[in-house]
Structure formats: structure tokens, C-alpha cells
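Welcome! Here is a short tour for anyone meeting this structure for the first time. Take a look at it, then read on.

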Amino acid sequence: MNLPTLALPKVSEGLDVRGLSLIAPVGGLIASLVIIFMIVWPKYNQIKELKVSNDDLVQRAGKLEEKAAILTSLDATSLEKQLAAAEAILPSEKDVFTFIRQIESAARASGVLLNRVEAVTGSINDSVGSVPVAPPPTGALDISGSGLAGLAPKIQARLSLTGSYRSLLQFLSSMYGAARTVTINDIAIASAGEGQVRISLTIDAYWKQLPTDLGSIEKVVVKLTNSESALLDSVVSQDLTSGPSVPEVPLGRSDLFAPL
Amino acid sequence: MADINLLSVEDKKYEGFENLRKKLSIFSVLLLVFTAISTLATLAYFTTLASARSKLIIQVEDASSKVNSYKGVEELAVVTKEKATIVEQITLQRLDSVKFFNQLSQIIPQDVSFSDVKISQGKVVVNGRARTSADVAGFISALVSARGGEIVSDVSIDSLVSEESGVYAFGVSANIVKGGSPTPL
């Protein structure tokens with residue numbers, strides 16, 4: 001009998017078949033890892049960014065709503081009055097001649113004789129008063145205004161006066177009492193005999209340009225403090241908002257060199 | 001009687017493999033479940049955050065438009081605040097010379113007279129005459145007293161000369177102290 005000599009596979013090769021049974025669990029593991037690294041991990045990073053972004057938005061929304069609430073609570077009419085007062089105490093322009101009129105009025109009212117007024121205004125286009133100021137000695141009070149230089153630009157007038165001591169004090173009170181904010185420095189008083197004194201002093205008058213930019217929309221609007229409100233209210237109540245005005249003068253002159 | 005292991009070596013190998021396969025399957029299933037849950041949770045959380053972001057953006061836009069509608073009021077408030085703050089600082093820092101002279105006049109002896117006074121750079125220099133040396137002493141004592149200390153500090157006598165008439169000419173300098181409240185408007 002001729003039987004074929006074909007080699008039959010051994011039963012032990014069933015191990016390969018068993019290997020196939022690992023495909024499902026290994027495939028599951030691979031699928032899980034793929035999902036974790038391709039979906040979960042990127043989304044987790046996006047969530048972190050989103051949380052930061054949302055926190056920022058919450059803060060912005062809070063600030064804006066707070067600002068809107070403050071703005072809603074403000075009274076425009078009252079603010080306009082306060083702005084007029086603020087403009088009187090710190091004008092938006094140099095107003096050199098108004099300042100000189102203020103000095104003249106104070107001198108007239110107090111009875112001092114105004115011998116000389118020298119205005120140092122700097123260039124007409126110079127936005128900052130170009131008045132050099134030496135630093136004060138250590139430990140001394142800075143009354144020269146150098147510590148105030150960063151706050152607001154100023155114009156300066158150097159005055160020479162003659163009058164009684166009481167008139168001088170009255171003149172100084174008038175200058176402090178006027179709406180426009182001034183500092184009085186470099187005061188030199190010398191006796192001139194017969195109850196008269198000669199005085200030289202420097203008066204700095206401050207001004208501040210209107211801001212051209214309100215800044216970020218989220219910038220908080222700060223309300224006036226009680227003392228600031230009181231300061232402005234005192235200007236309004238004393239009717240100092242108008243301030244001294246420069247009077248109109250007649251125009252026209254046929255001889256330009258005729259003596260005054 | 002001792003147990004007789006009747007399993008063949010092949011069967012033992014198969015049994016070990018089956019155990020490994022079962023463990024791997026269980027771990028795989030657990031990992032799949034965990035992955036599914038974490039994926040769903042992550043996506044749900046992401047969706048929630050994205051939705052919250054949309055709401056927040058609308059909230060910011062609404063608040064922005066409200067703020068913009070009060071632009072005029074904001075300008076008034078900002079300018080007024082800026083000016084008032086500056087003026088208050090200037091007023092607080094400046095020397096109130098009227099108050100200084102008034103306080104000085106209250107503490108000097110009656111027989112002391114000033115010939116000149118200079119106030120500059122936070123310093124005051126006084127030249128004057130006194131009827132007697134006691135008046136000069138009284139003047140200096142007044143300046144260094146508690147009341148004098150409210151307006152001046154570091155008092156020094158720069159010169160002191162007696163004249164034939166017995167009158168003393170003196171020169172005194174001191175640093176000015178900022179004291180009290182400034183003159184109100």
C-alpha cells in the first residue's frame with residue numbers, strides 16, 4: 001500500500017492559534033493608549049488653557065461690571081461742576097495773563113506796591129514749565145517746588161513788592177486763597193524803614209493738560225476722596241470757578257511809536 | 001496518599017498562557033473602561049468650559065458696551081480726579097508761608113526786630129537786632145522750644161555782634177518744618 005508521505009502539522013503548533021487569542025486584549029490596550037494620547041491628553045491641555053482664559057475673562061467681566069456700576073452711580077451734572085472747579089484750581093493751559101491778573105488783583109486788594117513782575121513761562125509750545133530748581137538740603141522741607149515738579153508743569157513769576165508787613169501777609173493770603181493752585185518760594189523780606197518792607201518772591205502756578213487717552217477700558221474709575229470733594233466743593237461754594245479774566249482793551253493806534 | 005499530577009507539560013504551558021491571557025484581557029477591559037470614562041468626562045468638562053467661555057465673552061461685551069455708553073461721564077470723572085489729586089498733593093506739600101510768619105510772630109520776644117528774612121530751599125535765614133543779649137537768648141529759646149519746633153529745626157546762630165548802644169545784631173538760620181494743615185482755599 002502506497003501511502004503519501006505528506007508531513008502533517010503537529011498538534012503543538014496550536015500555540016500559534018493561541019497567540020491569536022491575545023489580539024483582542026492587546027488591541028484593547030493599544031486602542032486605550034491611542035485614545036489617551038490622541039484625544040484625552042490634548043483635550044486636557046486645551047482645558048488648562050481654557051481655564052486660564054476663563055479666569056481672565058471672569059476678572060475682565062468683573063472689572064468692567066464694577067466700572068459700569070461706578071459710572072452709573074456718578075452724577076454728570078455734579079461732575080461738570082466739579083470739573084469746572086478742578087479746571088479753576090489746575091487749568092489745562094498755562095493761562096499766563098490770567099495768572100498775572102491774579103497777582104495784580106491780589107496786590108491791589110492787599111495794598112502792596114507791585115514794583116516788578118517777571119514771568120518765566122518757557123517756550124510757548126513747551127508743555128512743561130522749564131524752570132530749573134535746585135534740590136533742597138537734606139532733612140529740610142522741600143518748599144521750592146522741586147518735589148512737586150513731577151506732579152504738574154508750572155509757570156513762574158518773580159515779584160518785587162513794597163508795602164507793610166501786614167499788607168504782605170494779606171497779599172500772600174490772597175494768593176493762597178485764590179482758586180489757582182500756587183506755591184510761594186524764595187521769599188526775601190527786608191525792612192525799608194517807616195514800617196515798610198521790600199519783598200521779593202517767586203510764585204509757581206501749576207497747570208495740567210487734559211489727558212488725550214483714557215487708557216484701557218478696564219482701567220478702574222476712582223471716585224474722589226472726601227478731602228478732594230471738599231476741596232472742589234469749596235471752590236464751587238466760593239464761586240471761584242470763573243477766576244480773574246483779562247479785560248478787553250481798545251484796539252487801533254495810528255502812531256506805533258508814540259509814547260504811552 | 002500523595003497527589004499525582006496527571007497533567008502533561010503541554011497542558012501546564014497552556015494553563016499558564018490562559019492565565020496570562022485572562023489577566024491581560026481583564027486589564028485591557030479595565031483600561032478601556034477607564035479610558036472611555038475619562039474621555040467622556042474630559043469632553044464633557046471641555047464642553048462646559050467652552051460654554052462658560054461663550055457666556056463670559058457675551059458678559060464682557062455687554063459690560064464693555066455699557067462702559068462705552070458712559071464715556072462722557074468717565075472723561076469727566078478721570079479729568080476731575082486727576083486734577084483734584086494733584087492739587088491736593090501740592091497743597092499738602094507746599095509751605096504755608098502765612099501760617100509760618102503768624103506762628104513765628106507769636107513766639108519771638110517783643111524786643112527783637114528783624115531787618116531781613118530769607119526763605120529758600122527749605123531754609124530760613126533771619127538777620128535782626130535785639131535790645132539785650134537776653135532778648136537774643138529768648139529768641140533762640142523760642143525757636144528751639146516745642147512751639148518753635150513746629151516751624152523750624154536745626155537752629156544755628158550764624159552771627160552775634162554787640163553794638164555800642166548795647167543792641168545786639170544777630171543772624172540765625174534754621175530748616176523749615178512742615179507743620180499743621182495748609183491754608184484752605
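**A first look at chain B**

In chain B, 56% of the contacts with a separation of 6 or more are between residues 24 or more positions apart. Please keep in mind that this is a predicted model.

**Build of chain B**

- Chain B has four helices and four strands, and from the N terminus on they follow the order α-α-α-β-β-α-β-β.
- The radius of gyration of chain B is 46 Å, whereas a compact globule of 185 residues would have one near 16 Å.
- Taken along the principal axes, the box filled by the C-alpha atoms of chain B is roughly 145 × 65 × 25 Å.
- Of the 185 residues in chain B, 24% are buried.

- Which strands make up the open sheet, and in what order? There are eight of them, with antiparallel pairing, in the order 1(A)-2(A)-4(A)-3(A)-1(B)-2(B)-4(B)-3(B).
- Strand 1 (113-120) of chain A and strand 3 (152-162) of chain B are at the edges with a single partner strand each, so each has one side without a neighbour in the sheet.
- On average, and with direction ignored, neighbouring strands of this sheet are turned by 15 degrees against each other.
- The two chains meet in the sheet where strand 3 (residues 182-193) of chain A and strand 1 of chain B run antiparallel, joined by four bridges. Here B:Ile119 is the bridge partner of A:Ile187.

**Strand 2 of chain B and its partners**

- Strand 2 of chain B pairs with strand 1 of chain B over eight bridges in the antiparallel sense, and B:Arg129 in strand 2 stands opposite B:Ser113.
- These two strands form a hairpin with two residues between them, and B:Gln121 in the turn has a positive phi of about 55 degrees.
- Strand 2 of chain B is also joined to strand 4 of chain B by eight bridges, and these strands run antiparallel. In strand 4, B:Phe170 is the bridge partner of B:Gly128, and B:Ala174 is that of B:Val124.
- The side chains alternate along strand 2 (residues 123-130) of chain B: those of B:Val124, B:Val126, B:Gly128 and B:Ala130 point to one face, and these residues are buried.

**Nonpolar cores**

- The largest nonpolar core has 65 residues, and those with the most contacts inside it are A:Ala86, A:Ile89, A:Leu90, A:Leu168, A:Phe171, A:Met175 and A:Ile203. Helix 2 of chain B gives the most to this core, with eight residues.
- Leaving aside neighbours within four places in sequence, the contacts of A:Ile203 are A:Ile103, A:Ala157, A:Leu159, A:Met175, A:Val182 and A:Ile184.

**Where the chains touch**

- In total, 85 residues of chain A are in contact with 71 residues of chain B.
- On chain B, at least two residues of the side that touches chain A come from each of helix 1 (9-69), helix 2 (71-93), helix 3 (97-107), strand 1 (112-120) and strand 4 (168-176). Helix 1 of chain B gives the most, with 28 residues.
- This side of chain B has 35 nonpolar, 20 polar and 16 charged residues.

Terms used:
Residues numbered from 1 in each chain as written. Chains lettered and ligands numbered in written order. Predicted model: local features only at pLDDT ≥ 70, side-chain atom pairs only at ≥ 80, totals over all residues. Contact = placed C-beta atoms within 7 Å. Nonpolar A, V, L, I, M, F, W, Y, C, P; charged D, E, K, R; others polar. Pairing = 2+ DSSP bridges. Rg over C-alpha atoms; globule rule 2.2 N^0.38 Å. Buried ≥ 20, exposed ≤ 12 C-beta atoms within 10 Å, placed from the backbone. Core = buried A, V, L, I, M, F, W, Y, C linked by C-beta atoms within 7 Å. Axes fitted to C-alpha atoms, helices over the stretch in contact; angles between N-to-C directions.
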